[in-house]
Every structure is written in structure tokens, then in C-alpha cells.
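The following note comments on the structure shown below.

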Amino acid sequence: MRIERVSSSQFTIFLTFDDLVERGFNKEELLTDATSIQNLFTDVMYEASSELGFELEGKLYVQVYLMQAQGMHVIVTQNADNIDWDEDFIEMKVTLDESRELIFSFDDFESIIQVSSYLNTLSVNGGQIFYMGSRYYMLLRRDELGGNNKENIIALMSEFSNPSIVTSYRLKEYGKIIIKSNAIETIMKAFN
């Protein structure tokens, strides 16, 4: 679990699927069992608030993004209204949304070249390549999968890379763009 403070009223939590398994959950349970979801988020938010020194009070808005192969990105925003509620009570408005992006982290550019040749044979030619923190990242939008099943693409990508919990917003702000669009097609032209 990784926690980041965004502002005085907002923080984010990144939970990988390994983190969720350690807590006794699987993806299907998260989509169907509302009580378990609320218990999970309450526990995780208290851990995060303790680590960040963030006092949880009033109304919290929790946005949850299921990131295909990566896990969950949870954004917690505390309402600025000073509502006089019992201190031990937290109201959550939880929305579940599935990310339309796949982001994978690579140790070296050679691995990107290798996976690109496989993706190209599956008619996947889009994507973007970033460099940040000594690692390369490939971002694929769901509409760039060439009609392929996303689980098959995730399985293929996982042979050459690791699912990343870094968001596209973070990559675009702090990373260096290596290939802005049609990354796989560009790589195939340059290295084949």
C-alpha cells in the first residue's frame, strides 16, 4: 500500500492486488460485497490518516478506480464543511470505476522493444512511452487494444514488465515523454 498526500483535504491510496489478497479480498468480492468494501476502505483510510497525520472527520468522498492489472487507486477527499457529527462516525460516498488505461513498468527499453513485436502481431499499435525514476512506462488506452481481450494483453505484458500503480496523471506531470503516440508502431518501424 502506498499513500500520498495531495492537499490539506485530499490524499490518495494505491493498493495492489497483492495488498488486497493480503487483506482477504479478491476483485469479484470488491464488486459485489458492499459491506466488505466499506470495511476495507474504513480500515485503509484510518491507516492512511494515521501515517499522514490527516484527521478524518465530517463527510469523506471516496473515489475508487480499479486499475486493470495494477489494483486500486483510492482518492479520499474530505469535505471542507464543518458538520457537527459524532467524531467516531464517517460517512462514505463510494463510487467504483474501472480505469480505461493499462500502465506497465519496464526495467529497460529492450523489454519494450520485445513486447512491442508481440503486440504488433495482435494489431495493437498505439500507446505512449514515458521515462520516470529510472524506469520506462508504457501506457495503453483500452481503445488501443485492437479488439483484443484486455486480460490477454495484460498476461502478455506481464511477461515483460510489471503492472504499475503510477497514474497517467503522474507520468504526464513528472515523467519524460519518450514516444507521444502510436508507440508500438513507432518502435516497430525503428527497430525492425
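1. The expected span of a helix is taken as 1.5 Å times one less than its number of residues. The model is predicted, and its helix α4 agrees with this rule: the 13 residues should span 18 Å, and the end C-alpha atoms lie 19 Å apart.

2. The ends of α4 deserve a remark. D108 caps the N-terminal end, with a side-chain oxygen 3.4 Å from the backbone nitrogen of E110. Just after the helix, S123 adopts a positive phi of about 65°.

3. Within α4, the buried residues are F109, S111, I112, I113, V115, S116 and L119. Their cover includes the strands β6 (101-106), β7, β8 and β10, together with the helices α5 (150-158) and α7.

4. In helix α7 (residues 183-191), A183, I184, I187 and M188 are buried. These residues lie on the same side of α7, because they cover an arc of only 130° around its axis. An α-helix has 3.6 residues a turn, so residues three or four places apart point the same way. On the other side of α7, K189 and A190 are exposed.

5. What covers the buried residues of α7? Among the covering elements are α4 (109-121), β7 (128-132), β8 (135-141) and β10 (176-179).

6. As to confidence, the chain has a mean pLDDT of 79, and 79% of its residues reach 70 or more. Over residues 82-91 the pLDDT is below 50, and this stretch has eleven contacts in the model beyond near neighbours in sequence. Where pLDDT is low, the predicted coordinates should not be read in detail.

How values were computed
Residues are numbered from 1 along each chain as its sequence is written. This is a predicted model: local features need pLDDT of at least 70, side-chain atom pairs count only at pLDDT 80 or more; totals for chains, interfaces and linings use all residues. Side-chain values use heavy atoms; hydrogens and water are left out. pLDDT is the predictor's confidence in each residue, from 0 to 100. Contact means heavy atoms within 4.5 Å. Buried means under 20% relative accessible area, exposed over 50%, partly exposed in between (1.4 Å probe, protein chains only). Helices (H or I, at least four residues) and strands (E, at least two) are DSSP runs, numbered from the N terminus. The arc is that of the directions from the helix axis to the C-beta atoms. A polar contact is a pair of N or O atoms within 3.5 Å; within protein, one must be able to donate a hydrogen and the other to accept it, and residues adjacent in sequence count only if both atoms are side-chain atoms.
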